[in-house]
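Opened a new notebook page for this one. I'll jot things down as I look them up.

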Amino acid sequence: MNATIKLENEKHFPVLLDKLISIISPLYGGTFIDCTFGQGGYSKKILENKHNSIIAIDRDIKSLEISKHFEKTYKKRFKFINQKFSQVNNLELNKSILKGIIFDLGYSINQIKDSEKGLSFLHKGKLNMKMGFNKISAHDVINSFDQSSINKILYTFGDEKKSKYIAKKIINFRKLKHIETQDLVGIIDSVYKNKFKKIHNSTKVFQALRIFVNKEISELINGLISSFKLIPKGGIIAVVTFHSIEDKIVKYFFHHYSQNKNSSRYLPQKEIKNILFNLPFKKALLPDKQEVIKNPPSRSAKLRYAFKINEHHNFSDFKKKFKYLLDVENIKLFYEKNYCHSANYFFNTIYNIY
Ligand SMILES: C[S@@+](CC[C@H](N)C(=O)[O-])C[C@H]1O[C@@H](n2cnc3c(N)ncnc32)[C@H](O)[C@@H]1O
């Protein structure tokens, strides 16, 4: 038996909202960029102070509907842009009034419940997982990528220890028919032989596919760099993460370029030009017990933040550090002879993405 949740009854609660509000101090007024508008939970709280404005971004077109209510209520203090946050530094705005840029990574429960999106292993529908501005879906990955690429994706982004066996079974299964959500769940269960696990057998595979399809690693790395370029000195960047890969990237970004002294006094101190952030709190802030009881998905959330204190930097060492993840995200397609889609569709896909 697996631990599962009943999605129908779940509601979206903004995670770590009080802690986020206390660190970005919106009381003093200013403009904030909410890079992950979602259901608007963070934006709404910040807009409670009439001296604040929000520029909200979300890659999911469904956020546009929610943003319309905000535009009506808050008028000139609110603007929504449907785009990916990796391009946040392309926004045309008066940078000097910008106080903070916030990210609440991952997806809302409404998106997980949305059967069209096919994010959940509990749904019976199509494998999809495209959240907006993607070229390929999870269906494309599972039904057309070669065995070694599928193995790499599942292992790297899901830490799925049985990735090799699952990839092999996927290749065999799809000789018979296209694989959809419940076929994939069945394949994974057959590898685990329904042994009891604390989490659902499919959790890691679905996480890996979602990260790959939405290029979440390059989005986060480029989103952090773009935010740094956009925010003026003194401004804050705050990020809520939900899994260890995301947290590792955010932690490295803030710590590597911050004033924190090196762990050993025998190591050379960082050059002053490389100190880009003031990091008031070295550890991540976590939800308290009460929040986890009220909103169980918050249990894996971590909030990290830093204030920008210097301009200009080349972030090549940041990208180099996570090259092993970026390489898997950019894995080349290998055309499988047995794949049933037309060659035209496939070659178009290849040329559009790579
Ligand atoms: C956890 S939800 C945010 C919830 C929001 N803080 C609230 O209180 O309602 C994350 C949102 O970020 C969006 N998102 C994820 N990755 C994104 C990206 N790379 N660019 C833009 N939006 C993204 C998702 O579509 C989703 O709506």
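Below are my notes on the sheet, a helix pair and the ligand shell.

Ground rules first. I'm working on a predicted model, where local features need pLDDT of at least 70, side-chain atom pairs count only at pLDDT 80 or more, and totals for chains, interfaces and linings use all residues. Residues are numbered from 1 along each chain as its sequence is written.

Sheet. I found an open sheet of seven strands in the order E3-E2-E1-E4-E5-E7-E6, with mixed pairing. Helices (H or I, at least four residues) and strands (E, at least two) are DSSP runs, numbered from the N terminus, and two strands pair if DSSP finds at least two bridges between them. E3 (78–82) and E6 (277–278) are at the edges with a single partner strand each, so one side of each has no neighbour in the sheet. I also checked E4 (residues 98–104) against E5 (residues 236–241): they pair in the parallel sense over five bridges, and Ile 102 has Ala 238 in E5 as its bridge partner.

Ligand. I counted 21 residues around the ligand, the closest being Pro 14, Thr 36, Gly 38, Gln 39 and Gly 41; near here is a C-beta atom, placed from the backbone, within 6 Å. Helix H2 (41–47) and strand E2 (52–58) are the elements giving two or more residues to that shell.

Helix pair. H7 (residues 163–173) and H8 (residues 181–192) pack at about 130°, with axes 10 Å apart. Axes are lines fitted to C-alpha atoms, for helices over the stretch in contact, and angles run from 0 to 180 degrees between N-to-C directions.
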